[in-house]
Each structure stands twice: as C-alpha cells, then as structure tokens.
Amino acid sequence: MNKIVVVTGSSSGIGRALCGLLRSRGDTVIGLCRRPGENDLACDVTDETQVAAAFAEIGARYGKIDLLVNNAGLGISGATELLDPQKARYVFEVDYFGLYACCRHALQWMGRGGRIVNISSACALFALPYRTIYCAAKAAVNMLGLGLNMELKRAGIRVVTVCPGDVKTEFTENRIKQVTVSERYGQASERSAAHIDSRQNKRMNVDKVARKILRVCDKGKKPMVIIGAKYKALYIAQKLLPQRWILAATNKMFNAKG
C-alpha cells in the first residue's frame, strides 16, 4: 500500500495491533506515544508543542500524511460528583483536545484522498453510570468527527468515527479509577468498578477489532461505525424506545446497583 500513516496511542492495545497490521502490508507507520519504541515518536497528545513538533517532523520527512488514526485515549470511572476535577479535565485533554490537536496538525500535510479515523467508544452512544466523564469526552469526539466529515468533504478528505464496544486490552487496567464510599452513593461506584474489571475475559479480541478498523481505514464510507453487535442493537433501540427505558436498561446492564 505504501501509505504514510500516523497512529496515536501506538504502544499498546488497539493502536499496537493496528500498527502491526499496517506495517505487515507495507505501509510506512509512525506511532505517536509517550513511551516510544522503534518507528515511534515520543509525543504526549495533551502537549500542543509536542504534537506540533511531531507532525512537523513527519511532514518534513515524508512530505505528506495519507492516514491519521487517533487512537490515544484514557478512561475514568467513579461517582461524577466525587471525581477529582483535575483528573476529569485531564481525560478531556487526552480523549478530546489531544485528538483535536492531532487532527489540526495532520491536516496541514493531508490532501485529497486523505483519511482521518477517530477511535471513539460505544460509551459515546449511551449514558453509563459512574463513567459519565468518559462518556461525555467520547461523545465530544463523535461530534468533532461528524462535523469534520462535513467540513472536509469538499476537500476530498474522509473522516470516520469508530465506536468499539469492550475490547480486551490494557485500557481498563490503566483507567483512572476513583472509588469513594459516601453516604449518598454508598458502595455503588466500587461495585460498578468491580463489575467493569470482571468483564475483561468477555471483551472482544483486540486483533479482530484492529482488523475491522483496518477495513475502515481503507474503504469505510460511513461517517460512524459501531463495532460490537450488542452496541449496535442498543444504538438502534434508543432511537425507537422511550429514553427512560434505555436508561433503565443500561443502568441494569452496567451494574449501577445501590
């Protein structure tokens, strides 16, 4: 294929798997991550100076960028009222503003036929208890992607937002987890966090998800793609059923008891 591809969050999870697939077929892949390995550049997406420098170096070296995959992300869980505000803001810096910065700087080197694939989450599609901040950050990613899809259509640049369901990676382990017992919430946030952790072996295989994302990178035409049958069904259901039913269902599914 010999495309010039940039993948953020390339050191683990979906990013690492996707980089392997892209390189195996002959693409030139530059990973951006905080702990770079071979073929990666050190870049913290929350630092605008580092983002600008990384894309300037890539542009100077290759003269163009054919594909940007915004994969870097960070989760957070806990009762919204009790979360550390600085940690909540940091999640938005990683998940939304870092992605936004990468889009802006990559577009300076992207022409007609270019593509941006933003890895969002099924959490962007539904309100989930004790993951409200993460859901909000990913919902913002969806709106950014859909807006860019419209704005860049005339320029011949396609923007696709991908919303995977639960994937078996290090993501859950690495999320910010603030479990606070209080009179108002009791141990509900602790039980919710334990429920999230207990689902690790039930999550989708990361290599299968990466292969689906690869197809989106090559020829995906839909503005938004959901990965995971359960999440596709819920997305359709919430358009047909009363919102209170959907909230009750997701509340039960994601173990917000107490």
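Helices (H or I, at least four residues) and strands (E, at least two) are DSSP runs, numbered from the N terminus. By that rule, the protein chain has nine helices and nine strands, and R215 has its place in one of these elements, helix α7. The structure is a predicted model, in which local features need pLDDT of at least 70 and side-chain atom pairs count only at pLDDT 80 or more, while totals for chains, interfaces and linings use all residues. Residues are numbered from 1 along each chain as its sequence is written, and side-chain values use heavy atoms, with hydrogens and water left out.

**Overall form**

- The protein chain has 258 residues and a radius of gyration of 18 Å, which agrees with the value near 18 Å that a compact globule would have; this radius is taken over C-alpha atoms, and the globule rule is 2.2 Å times the number of residues to the power 0.38.
- Taken along the principal axes, the box that the C-alpha atoms fill is roughly 60 × 35 × 30 Å.
- Of the 258 residues, 51% count as buried, where buried means under 20% relative accessible area, exposed means over 50%, and partly exposed lies in between (1.4 Å probe, protein chains only).
- The accessible areas themselves come from the Shrake-Rupley method with a 1.4 Å probe, and for residues only the protein chains shown count as cover.

**Salt bridges**

- A search of the whole structure finds eight salt bridges, each being a side-chain nitrogen of Lys or Arg within 4 Å of a carboxyl oxygen of Asp or Glu.
- One of them joins D40 to R23, with the closest N and O atoms 3.8 Å apart; because D40 lies in strand β3 (residues 40-42) and R23 in helix α1 (residues 13-24), the pair ties together parts that are 17 residues apart in sequence.
- In this pair, D40 counts as buried at 18% relative accessibility, whereas R23 counts as partly exposed at 29%.
- Another salt bridge is formed by the side chains of D27 and R25, at 2.8 Å from N to O, and here D27 is buried at 6% relative accessibility, while R25 is partly exposed at 24%.
- D27 and R25 also belong to a network of salt bridges that links them with K3 and D218.
- R61 and E57 make a salt bridge whose closest N and O atoms are 2.6 Å apart, and both residues lie in helix α2 (residues 48-62), four residues apart, which is about one turn of the helix.
- R61 is partly exposed, with a relative accessible area of 47%, and E57 also counts as partly exposed, at 38%.

**A positive patch on the surface**

- K208, R211, K212, R215, K219, K222 and K232 gather in a surface patch of positive charge.
- Patches are made of residues with over 30% relative accessible area and no salt bridge, with like charges joined within 9 Å and nonpolar side chains (Val, Leu, Ile, Met, Phe, Trp, Tyr) within 5 Å.
- Lys and Arg count as positive and Asp and Glu as negative, while His and the chain ends are not counted; the place of a charge is taken as NZ of Lys, CZ of Arg, CG of Asp or CD of Glu.
- Helix α7 (residues 206-219) gives the most to this patch, with five residues.
- R215, a member of the patch, counts as partly exposed at 47% relative accessibility.

**A contact across the sequence**

- L107 lies in helix α3 (residues 85-107) and counts as partly exposed at 23% relative accessibility.
- L107 and I65 are 42 residues apart in sequence, and their C-alpha atoms are 8.1 Å apart in space.
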